[in-house]
Amino acid sequence: MFIELKNPHYGATLGDFVYERGERQGGEFGRLSRKLQGILGTANVKDVAGEGSSMAVSLVGATARGKFTTNQLQGTEGNQGPYRLTGQDPGIRPVIIAGTERIYLNGQLMTRGETNDYTIDYSTGEVYFSARRLITNATRITVDFEYTDRQFIRNLLGASATIDALNNRLHFVSSITQEADDPSSPIDIALNDTLRSIISASGGDRFKAALSGIQDVGRDSLTLLGKGQYIQRDTILAGKERHFLVYAPGDAQSRYSVSFSYVSQMPADSLGYDRGVAGGFALSGLGKGSYLPVQFLPVPELHRVANGIVTFSPVSDVTIAAEYALSDQNLNRLSGSSGSSMQGGAYKVRAEYHPRDVILGGTHFGELGITLADRFVDRRFASLDRSNEVEFSRAWNLDQTSTGDEEIQEMGLNYTPFRTLRLVGSYGFLERRGSIRSERTTFSGALTDSYAPKLSYSSELIRSQDYQLKSSSEWTRQRGSISYLVWRLLPALRVEMEDRRQIPDSSGSLAQGSFQFVEIAPSLTLLNLDPIRLAGEVQVRSEDSASNGIMARAIHAVTQLYDIQLRQWNSLTGSIALSLRKSDVDNPFASNGNPSSNTMLIRSQLQYAPWRRALDVDLLYEFARERSAAMRRIYVRVPKGTGNFRYVGDVNQNGVGDDNEFEQTRFDGDYVAITVPGDQLVPVADLKTGLRVRFNAAKLLAERATLLEKALAAVSTETVARIEEKSTTADASDVYLVKVSRFRNDSTTLAGTNLFTQDVYLFESDPSFSLRYRFNERKGLMRLVGLTERSYLREQSVRLRSQLLREIGNQTDFTNRIDQLLPSAASPRQRDLSSDEFRTEFSYRPYSEWDVSFGAALSAATNHYEDAHASANINEQFVRLTYALLSLGQLRAELQREEVVIANDQSNSSSSYPFEFTNGKAIGKTFQWHVAFDYRLSQSLQLTFNYDGRSEGGRAAVHTARAEARAYF
């Protein structure tokens, strides 16, 4: 819901909105971007401090959809994705809040979309990059996003005021924002008094806010085997007796069931564990590993930031700005301990002399500008959002783990001797007290004369001294380019060089992390030759890295980038993007997990729409030769009622949630199944291609004089064909040349799908009568870790829509379906089904506020798997009533009856058949009823009531009701 109210002086936003406070409103330390649900109020007043002054005030109170965090990832050669995002606790899989991500490649902001730069799966937190953005081992990926971890309801309160005075020469901004978890509103856990006291006593120590994950479940009284999966044993380490766990399901001594939690830094005195090869967890050693046998309790946090900014321009060419901010971060709201709270401050002062003509003795010497800045950040200061630039650590050559009070002092000059030449230089130093000191000198120049080649050059020199690592570093970066337009051709040349040398103080040899590279990139672009645009670039890169204290050849790579675009030529539009990269990695770097690779990315899109768009053709072709991994199916827990699987228990007593231990369900599911790539990357050829052809004779036959023309005008068709293949074949031409006969191969295919759909319509756009015939066929193969699934689905259907009377409408469907899934090992998903279904629904609307729908369905399904030949006969009846209350609300009621009868039944239990056999319907008679009522009492108060009930297969009824009142201020 989104409501916005405005007038010249006041405004309000209610519902779901994005709260943005940029650098002008929030300064460097108070910037904020959040998806919220609540209310935002604004007010603007003129002449509050005399004529020419103004004041703006805003107040916000809302529930925050998630937490903010940032991930910094390094690209992998030949891998376009997925790149998996993690929250502040990497052990919890985050659910990304849709639309909150900001993704940067090498500091450049990307755009979401399959035809743009990247796509993202919000449920799994995985990012995939398109063929437009070739990912290499030198690609730096930065992702800012919001996510939910379902621990506490999180609220945000904020107030800000902005004052402009002295005819906008004085600008003052102040703001305070609080983002906090509500300790009384946990989401996925019930906190009793005992758990609250544990959290309260933990202070700021995360490891104290935890319960033991070890549970003694004893032995089976009949088999005398342990009911758990782990054996607990004793040992002496570092002079202390310790207990450790051994994964041994089925052993007589395995009487312990254990839950493990991820820890980002293992305590030195703790025994850590890692995931084992055969399932379960294996001991890593003292102070080693990434998991502990504990269950961390959710700890509510509070984060508050206040800041003030003053900007003053005493004269038109001079600006002085000062910002001061304070932060208060409480890591445990339930604790009164001082160790859980952290306060810090930050300030920045900046003076700028804007570029202005320099005239001496009547001679014009160009324009000169000067900037001075001083910035200090207390090590305990924590901003709510990003306060540093995206590649701040790279700009100053900082170690991510270094801490300390940080101060930066900078001076910058920009000089324009004449209109076409601009020179910019800066010098600054950064010091993190007791940790690191870095000096940075930059220079850049650009010549943009339209009658001469365009030239640009930039250089950076960063000298650093790391007091903790006792090492020094010198990093030189240079980049230059030249281009010149000749007729409609734009040839260009770019040269980029970097040299980073990191030397321990006790040795003259180079430390790991030292490297140097040279990249030369000539390019050619054809401009202003409508409707065609051509561009090509070749990048040759040689990189050396430190090995045994000296520089050694590491990588030699050649990259080719080509782009062709055709815009609106005889109803034809198209584009082709081709990226080729061959990287050769020398030893010993190749043996360290950085193999040579050969990457090819192609994306081609073609649209053809002649004859006033009576024919509409879309063709898509994507090919990638990269590195990927076999998929594995995992089950992610979600709130009860929002999933479609439930866990039936550890059937085989191996301590691992196996695929056959999750059962698909219609109601009350608390798991969803997703497929994610495994950890081992292998070279693959990945193809995605599709064709869509739509024909509408009515657009072609504007005048329909004859009976034949009228008959043809009633016909329209749509054809869709799509092929996807991800293969490990050694001959990639089998894939990119679309040799379908070699697709979906058990030995080479990781995932493959062939889809064909044909629709034929009669009177498609006629509301009184229309007919549709559909043929749909899908063939698929997916190789999971330890399992291969081959699937086949064929569906033929006829749909008839008619308006029998003005008040009565009908839709009738007949569907014939074949559904097969053949796994390589026994699985509850295996099936070989054939079915027929007839469904009809009538809609009766005598008045605009009344709508009555009723209908029935008959279906018959047979399971042919392993000659079972069990059949299900299903009949359904339903009636639905909707009454509108003249824009004040709506009342909806629905009653549905289902009956499932099984012939040749072997077990008289629907759970013994695949879910798709009855679509989850229980054997016997099932009744479902639903009532919903929405009513708006006033402009600011709304009531909602929902009631659901069901009785499955003669079992006791299950009732669910929810009432909600919402007030808007």
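How many cavities of 30 Å³ or more does the count come to? The count comes to one cavity of 30 Å³ or more, where a cavity is a set of points, on a 1 Å grid over the protein atoms alone, at which a 1.4 Å probe fits but cannot get out. Before selecting anything, note that this is a predicted model, in which local features need pLDDT of at least 70 and side-chain atom pairs count only at pLDDT 80 or more, while totals for chains, interfaces and linings use all residues. Residues are numbered from 1 along each chain as its sequence is written, and side-chain values use heavy atoms, with hydrogens and water left out.

**The cavity**

Select Ser33, Arg34, Phe68, Thr100, Arg102, Asp144, Phe145, Glu146 and Asp385, which line the largest cavity; a lining residue has an atom within 4 Å of a grid point. The volume of the largest cavity is about 40 Å³, a volume being the space filled by probe spheres set on the points, with grid points joined across faces, edges and corners. Two or more residues of this lining come from each of strand 3 (32–46) and strand 12 (140–148), and strand 12 gives the most, with three residues. Strands here are DSSP runs of E with at least two residues, and helices are runs of H or I with at least four, both numbered from the N terminus.

Aspartate 149 counts as buried because its relative accessibility is 18%, and buried means under 20% relative accessible area, exposed over 50% and partly exposed in between, with a 1.4 Å probe and protein chains only. The side chain of aspartate 149 makes a polar contact with the side chain of lysine 67 at 2.9 Å. A polar contact is a pair of N or O atoms within 3.5 Å; within protein, one must be able to donate a hydrogen and the other to accept it, and residues adjacent in sequence count only if both atoms are side-chain atoms.

Now show strand 13 together with strand 4 (residues 54–64), to which strand 13 is joined in the antiparallel sense by 11 bridges; two strands pair if DSSP finds at least two bridges between them. Glycine 61 has leucine 157 of strand 13 as its bridge partner. Strand 13 also pairs with strand 14 (residues 170–186), again antiparallel, over 13 bridges, and there leucine 156 stands opposite glutamate 179 of strand 14. The hairpin of strand 13 and strand 14 has four residues between the strands, and in this hairpin leucine 166 takes a positive phi near 55 degrees.

Strand 6 pairs with strand 11 (residues 126–129) over two bridges, and tyrosine 83 stands opposite valine 127 in strand 11.

**Helix 2**

Which residues of helix 2 (residues 193–202) are buried? They are Leu195, Ile199 and Ser202. Seen down the axis of helix 2, these buried residues fall within an arc of 60 degrees, so they line one face of the helix; the arc is that of the directions from the helix axis to the C-beta atoms. On the other side of helix 2, Asp193, Thr194 and Ala201 are exposed. Strand 15 (210–212) is included in what covers the buried residues of helix 2.

At the N-terminal end, asparagine 192 caps helix 2, with a side-chain oxygen 3.2 Å from the backbone nitrogen of threonine 194. Helix 2 is followed by glycine 203, whose phi is positive, near 60 degrees.

Move on to strand 25 (residues 302–312) and strand 26 (residues 318–330), which run antiparallel and are joined by 11 bridges. These two strands form a hairpin with five residues between them, and the bridge partner of phenylalanine 312 is isoleucine 320 in strand 26. Strand 26 is joined in turn to strand 27 (residues 341–360) by 13 bridges, also antiparallel, and valine 318 has tyrosine 353 of strand 27 as its bridge partner.

**Two last stops**

Serine 523 lies in strand 35 (residues 515–529), and not counting residues up to four places away in sequence, serine 523 touches Leu490, Pro491, Ala492, Gly536 and Glu537, contact meaning heavy atoms within 4.5 Å.

Finally, select tryptophan 611, in the loop between strand 39 (597–608) and strand 40 (615–628). Leaving aside neighbours within four places in sequence, tryptophan 611 is in contact with Lys699 and Leu700.

Notes: On a 1 Å grid over the protein atoms alone, a cavity is a set of points where a 1.4 Å probe fits but cannot get out, and a pocket is an open set with protein on both sides within 12 Å along at least five of seven lines; lining residues have an atom within 4 Å of a point.
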